[in-house]
Amino acid sequence: MKIQHRTALIFATLTISIVLLVSMVEYYFVNQNTFEDFYKRLEIRAIIAAKTEFEKAAMGTSAYEEIRKLHLETLPNEKEYIIPVDPTTNQPGSNPLKVNDNFFKEAISTGKARYRDNSTFYLGHLYGDDTRKYIVVISAKNEFIDAFLYNFRTTIIISIISTSLVSLLIGLWFSNIVMKPIRSVTQKMQDISASQLHLRLPTPEIGRDEIANLAKTFNNMLDRLESAFETQKNFISNASHELNTPLTTIIGESEYALSKPRNMDEYAGSLHVILSEAERLRKITGSLLHLAQTGYNGKNQEFKQLRIDEVLFIVKENVDNIIPENNVYINLTLIPEDQTKLLVKGNQQLLELALANIVLNACKYSRNQPVQITLAASHQKVILIIEDHGIGIPKNEIAYIYEPFFRASNTGSFNGYGIGLPLSRNIIRMHNGELEVTSQENVGTKIKITLPLYVL
Amino acid sequence: MKHLLIPTDFSIQSLNAVYAAIAKYGDTQLKITLFHLLAPSHDITDILFAYKRSRPHHAISENFKEAYQILQNRYTSRIHSITVKFGYGNTAAYLKNLLEGEKVDHVIFMTDSVLQLSMAKSIEMLPLFRKTSFPLDVISAKSKKEVDISAISMMNRNEIKPFKTEKSYVTEK
């Protein structure tokens, strides 16, 4: 059974049982009250009957008869019995009624007694002085109560049935509303298959409810999944490309050295070149290995307290190594005076990788025109702006730049795989940060990275 | 400590006045109030439910908040605090009262930046401030440009949609 239907059912059962309980309690008390009411009516009649019978001498019958006629309607099947009590045995003289003895005993001892035989009610009233006692018994059929209780029962049954229907409907509607966000999340999740891992669930900006949290958690998981997928998919092509460049240099240099006999200095020069390229090669394999190991299995990710400006200087150094003719400037005019405002929590290697990717892109696509990196901090965030004056991104393509392997239409003359930016963005997201890109074609690109401040 | 009141239209450019202020008065600690004037409401519900006054604070862009926080962090030693304040009034008397009540030392305007009326009920601030006969600090932005705050902003000037443009006081003269 779906949770939605179960919720509706539970809701309906709850409502119905409450209504049922209330109706039963109501019925019980109404029933009791109407009995009481009828007995009171009988009592009045009994008292008047007794007075008429025994105080004829004092008042005359007519006065009581008149009162009785004027103010008391005759009840259905109303009968009147006067039974003398034997003063010696203290027992009723005769018993013309189908009433058990307890009725009379009670009447004699307490002066009043009640008895009910289905809808016929009896009321006994003791009357008399010390010498002579009588029990006046009035009996009548209570037809009112039958009709009244019948009506009451039907009303209750109808109301229970209608309440059940209404509560079932409301329950369905209610559970439908409750389950709606979950259903929509499920629906969106179904759209995300292995080949479309770049899709994300929409997360409402202001939403802090459970569903928004769920969507965010899913998105984080998708980030990790996507990066893992991508690294897996592109590792070989990435690695071979990265390894190819130094290898080509080494081979070229060796061929050049071996092409004819040379003197010692020339051989030494060639060997130096080969050594430095081999070292670069080792560095690359090392870092690739590191990426594969630390990367995205979730176990080895160590998040430590880092100073973002230090990371930035290391990135600058790395960029200098890879593109010596770069024009990267770090703008520190907005750097906060308080150094604790530069602390972030993160993984040094990953952050370096992410930033280096972006800075290298900026250098590459601007053909080494000046690239400015500005560092600043607000109260909650560290902000990095990387601005270049390169070819930019065409306006209608900016929506696709985070898709792996997507390359803008104006990048034909540049080498690349379209992996750097998505990877960087995923790394930034892993650090709970954000990456925003604004660009104007042939003017330049501005990338803003925000990372949450490390809370001391 | 000096209390400076800087009228703003919530554009990043208007924060240049903060630089100018630091350049001019930076030898003491500064308490800076970024001020924006709104027309008072004549609607009975608005008056009864004054909490609605917190609404314009939500209209301030994240970029602007970020930008003044960056400035505050940049000059921690010189800036004691930066806060945003809305005024509700359209008379010089109100402004004069406010300036006295808040114990404002200087009011700073920039010569070359024209403040936009960035909210539906914004009021032109410069003419009213002039009427208060409170001495205004009018600083030329070109005099000293220490840092370009717009470097940090992803927001272009065009992104503020002004309802009207306040007359430049230069031409007003």
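**Basis.** I worked from a predicted model, in which local features need pLDDT of at least 70 and side-chain atom pairs count only at pLDDT 80 or more, whereas totals for chains, interfaces and linings use all residues. Residues are numbered from 1 along each chain as its sequence is written, chains are lettered from A and ligands numbered from 1 in the order in which they are written, and side-chain values use heavy atoms, with hydrogens and water left out.

**Interface.** I looked up the contact (heavy atoms within 4.5 Å) and found that 19 residues of chain B and 22 residues of chain A take part. The buried area (accessible area, 1.4 Å probe, that two parts lose on being put together, summed over both) is about 1,700 Å², 55% of it on carbon and sulfur atoms. I then noted three salt bridges between chain B and chain A, a salt bridge being a side-chain nitrogen of Lys or Arg within 4 Å of a carboxyl oxygen of Asp or Glu. Helix α4 (residues 62-74) of chain B gives the most to the side of chain B that touches chain A, with seven residues; helices here are DSSP runs of H or I with at least four residues, and strands are runs of E with at least two, numbered from the N terminus.

**Across the chains.** One salt bridge joins A:K381 and B:E66, with the closest N and O atoms 3.0 Å apart, and this pair runs from strand β10 (residues 381-388) of chain A to helix α4 of chain B. I looked up accessibility next (buried is under 20% relative accessible area, exposed over 50%, partly exposed in between, with a 1.4 Å probe and protein chains only): A:K381 is partly exposed at 28%, while B:E66 is buried at 8%. Another salt bridge pairs A:E337 with B:R74 at 4.0 Å.

**Within chain A.** The side chains of A:D223 and A:R429 meet in a salt bridge at 2.9 Å, N to O, and these residues are 206 residues apart, in helix α6 (residues 210-258) and helix α10 (residues 420-430) of chain A. A:D223 is buried at 3%, and A:R429 is partly exposed at 24%.

**B:T132.** I placed B:T132 in the loop between α6 (125-131) and β6 (136-139) of chain B, where B:T132 counts as buried at 2% relative accessibility.

**Confidence.** For pLDDT, the predictor's confidence in each residue from 0 to 100, I noted a mean of 78 for chain B, with 78% of its residues at 70 or more.
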